[in-house]
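Let's take a look at one helix and the strands around it. Have the model open while you read.

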Amino acid sequence: MKKIFLCCAAGMSTSMVVNKMKKSAEQQGIEVDIIAVGMDEFESTLANYQCCLLGPQVKYKLADFKKIADRENKPIAVINSMDYGMMRGDKILAEALLMIAQH
């Protein structure tokens, strides 16, 4: 099972993206555990997940979070703002799965 978490400011729109990602995974027969957390939960969540995607609204945190993710040997990236805005769960899921596969 692939374990992915999304990190954002508050979690409202990101939780909708998570639902779209889960639906896409289900349609493709991929087992995933996907959650959305606020920025204050980033460090405590990182250890239990394979990769992190940041919501575009918190991309300014990438440098800080990347230091922590690198220390834990976990990939991290910012979600493409167009995919995020259009709630393209399939594309965002594909990006996360690729990050895990390449790591």
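Helices (H or I, at least four residues) and strands (E, at least two) are DSSP runs, numbered from the N terminus. The expected span of a helix is 1.5 Å times one less than its number of residues.

This is a predicted model, in which local features need pLDDT of at least 70 and side-chain atom pairs count only at pLDDT 80 or more, while totals for chains, interfaces and linings use all residues. Residues are numbered from 1 along each chain as its sequence is written, and side-chain values use heavy atoms, with hydrogens and water left out.

Start with α1, residues 12-28: its 17 residues reach 25 Å from first C-alpha to last, close to the expected 24 Å. T14, V17, V18, M21, S24 and A25 are buried here (under 20% relative accessible area; exposed is over 50%, partly exposed in between, with a 1.4 Å probe and protein chains only). Down the axis of α1, these buried residues fall within an arc of 125°, so they line one face of the helix (the arc takes the directions from the helix axis to the C-beta atoms). Turned away from that side are the exposed M12, K23, E26 and Q27. Just past the helix, G29 has a positive phi of about 70°.

What do the buried residues of α1 pack against? They pack against β1, β2, β3, α4 and α5 (contact means heavy atoms within 4.5 Å).

In β1, 5 of the 7 residues are buried, so the strand is largely enclosed by the rest of the structure. Its pairings follow (strands pair if DSSP finds at least two bridges between them).

| Strands | Sense | Bridges |
|---|---|---|
| β1 and β2 | parallel | 7 bridges |
| β1 and β3 | parallel | 4 bridges |

C7 has V37 in β2 as its bridge partner, and L6 stands opposite L53 in β3.
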